[in-house]
Amino acid sequence: MPTDNRPTLAIDTSTSFLSIALEHQGEIRLFHENVGTKQSEQILPQIERLFKEAGITAADLGCIVYAQGPGAFTGLRIGAAVAQGLATPFDTPMIGIPCLDAAASLLPPSSCVLAATDARMGEVFYAWFDTQNHVRLSDYTVGKAAAITAPEGKTPTGGIGNAFALADKPPFDGQADMPTAADYLKLARSGRYVATDAAHAELIYVRNKIALTAQEQAQQKAKP
């Protein structure tokens, strides 16, 4: 991670939680709270509070880490835009971490684990990972949880993500834990994710449709 021991900021707005972590001089300051639809209102004040506590400014940052997706469309755009806004004036490198990679990293190293998160609209985002060898075994996908199948020739050894808290959860054993921005910092330090400049920072989208129509919402509510 190209920080030269300078402070590193991590931002995750891929869910209803606002998660921000600032690493400086060996200490990690973390804000992690379910703010619902108020991410855009709170993200800059919370970042400023962490900067103030650490006695730094955006100009001091050596790197900015951000949640790359898949995740909540609006949240991802808020987080990426703020990260780019902080990085651009100072040519600060940015590192995007896929959200499902961050979730998978919470489990002990294993040969075949499923990371699955709530995608709303009755679907989940998911991918399979070999976390022993740091290999993704499938594409990042969105679909019905019940339709998820294990990679050919692989035996699932665990699952992670808030999709396992849903009524229609994946048909595998799993924990509903989710990463914080501090976990994104840890992955960025691994050196497995490429740094880029703000202009080339990208998000991962796996769904073209981001909301149900009124008719589809009514049909879902009518289901027993």
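1. The largest pocket has 38 lining residues, with S14, T15, G71, A72 and R120 nearest its centre. This is a predicted model, where local features need pLDDT of at least 70, side-chain atom pairs count only at pLDDT 80 or more, and totals for chains, interfaces and linings use all residues. Residues are numbered from 1 along each chain as its sequence is written, and side-chain values use heavy atoms, leaving out hydrogens and water.

2. On terms: a pocket is an open set of points on a 1 Å grid over the protein atoms alone, where a 1.4 Å probe fits, with protein on both sides within 12 Å along at least five of seven lines; lining residues have an atom within 4 Å of a point. A volume is the space filled by probe spheres set on the points.

3. The largest pocket comes out at about 870 Å³. Its lining splits into 17 nonpolar, 16 polar and 5 charged residues (Ala, Val, Leu, Ile, Met, Phe, Trp, Tyr, Cys and Pro count as nonpolar, Asp, Glu, Lys and Arg as charged, the others, Gly among them, as polar).

4. The second largest pocket is about 420 Å³. Among its 20 lining residues, D101, S105, H134, L187 and R192 sit closest to the centre.

5. Now strand 1, residues 8-12 (strands being DSSP E runs of at least two residues): 5 of its 5 residues are buried, meaning under 20% relative accessible area with a 1.4 Å probe, protein chains only. T8, A10 and D12 point one way, L9 and I11 the other.

6. Strand 1 pairs antiparallel with strand 2 over 5 bridges (pairing needs at least two DSSP bridges), and A10 has A21 as its partner there. With strand 4, strand 1 pairs in the parallel sense over 4 bridges, and I11 stands opposite Y66.

Note on methods. Buried means under 20% relative accessible area, exposed over 50%, partly exposed in between (1.4 Å probe, protein chains only).
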